[in-house]
Amino acid sequence: MGRNREELAALLAGAGEKPFRAKQVWHWIYHHGETDFSRMTTLAKDARGKLDGLFRVARPDVVREQVSKDGSKKWLFRFEDGAETETVFLPEEDRGALCVSTQVGCALRCPFCRTGSQLLARDLTAAEIVGQVMAARDATGEWPRAKKDRLMTNIVVMGMGEPLFNYDETAKALLIIMDGEGTAISKRRITLSTSGVAPMIGRVGAELGVNLAISLHAPNDELRNKLVPINKKYPLAQLIKALRDYPGAHNARRITLEYIMLRGVNDGPGHARQLVRLVKGLPVKFNLLPFNEWPGAPFKCSTGQTMRRFAKFLNDAGYSAPIRAPRGRDIMAACGQLRSDSQRLRFSRQKARIAAGIEDDPHFHGLGKNQ
Ligand code: SAH
Ligand code: SF4
């Protein structure tokens, strides 16, 4: 996993296999979810045996699975070097979204976000990002891909980390997930959320074409500098310009602006007015996120009445602005509640071992040589 088609073909060619073999193996791995070469029955018997001896289709380990009262599921996955990350599945009546992580922790430290209170341990590799999708599919038993009435229909890149600080691996993973002969989740069913890494937004549009969500959270630079510190580097004017230029954004496919509702901080009528002025002429819609509390959080959620008033102001100005019902709060799986504490310790121990030359490269390559 984590290798694109060309890389897989090169890997198999290196093992003396013909190019068509790569197509078959790809289909088995990503369409059927097969991890055992001996069960890839369209491959000649001797090829199965050989590949089994050379390679391995890996999954992250499931350290913990929790199920919320509302049906959401959260997994703590562990990768080969001991790094851990959380992934959440949010089923709805006729569809469901998997919320994947792109980093272990986050470097950005937005003060309302629990992930930001955990330091950045490392980026995830494409294999590890794809691995979350594959392992979640294993757990929901939704193989093969063609199975009817699947529940895992959408992907949201809204878990731990800032995806545009790990762009190359995230982009590679999303292209693998979108591949029509594999898991085939279309770009229209994938949403990537960024805190506002303005210079990278153009590439997301041009190279991936997925839906874009921005964690806006404040209508002016002064407040946004405090709530979303990356704003000091890429202020609102720069961010708004990147949104104006976003390829593929139009009225039918609007950019989502996420706005967290913090009591007495960003939820007043003046903020709503400024917000409308800020986004004038942009093809956007809002998602109002009730603040999800976590132990030690320095904010409170706005009252229901305040949120409804805020939403109404945006609606009256012509914008859709649903107040999102929080999911999975009872298992700390809601937006901004993800964290993988245990990982940090283990990771720094690992790092020490690598520095001491006891272990080699920590990066995990799903389909790699057996040592
Ligand atoms: N780092 C990216 C991707 C994470 S998306 C980003 O910030 O966009 C997670 C979403 O949940 C973001 O919009 C984030 O701002 C929001 N969020 C963070 N903490 C939250 C909390 N405590 N309650 C509600 N939403 C939160
Ligand atoms: Fe990082 Fe996003 Fe959390 Fe900010 S909101 S700390 S960018 S994960």
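User: Which strand pairs with strand S1 (residues 61-67), and over how many bridges?
Analyst: Happy to start there, with a predicted model in which local features need pLDDT of at least 70 and side-chain atom pairs count only at pLDDT 80 or more, while totals for chains, interfaces and linings use all residues. Residues are numbered from 1 along each chain as its sequence is written, and side-chain values use heavy atoms, leaving out hydrogens and water. Strands (E, at least two residues) and helices (H or I, at least four) are DSSP runs numbered from the N terminus, and two strands pair if DSSP finds at least two bridges between them. The antiparallel partner of S1 is strand S2 (residues 73-78), over six bridges.

User: Is Glu128 buried or exposed?
Analyst: Glu128 lies in helix H4 (residues 126-140). Buried means under 20% relative accessible area and exposed over 50%, with partly exposed in between (1.4 Å probe, protein chains only). Because its relative accessibility is 0%, Glu128 counts as buried.

User: Which side chain joins that of Glu128 in a polar contact of 2.9 Å?
Analyst: A polar contact is a pair of N or O atoms within 3.5 Å; within protein, one must be able to donate a hydrogen and the other to accept it, and residues adjacent in sequence count only if both atoms are side-chain atoms. The Glu128 side chain reaches the backbone nitrogen of Thr125 at 2.8 Å. Its side-chain partner at 2.9 Å is Arg122.

Conventions: Chains lettered and ligands numbered in written order.
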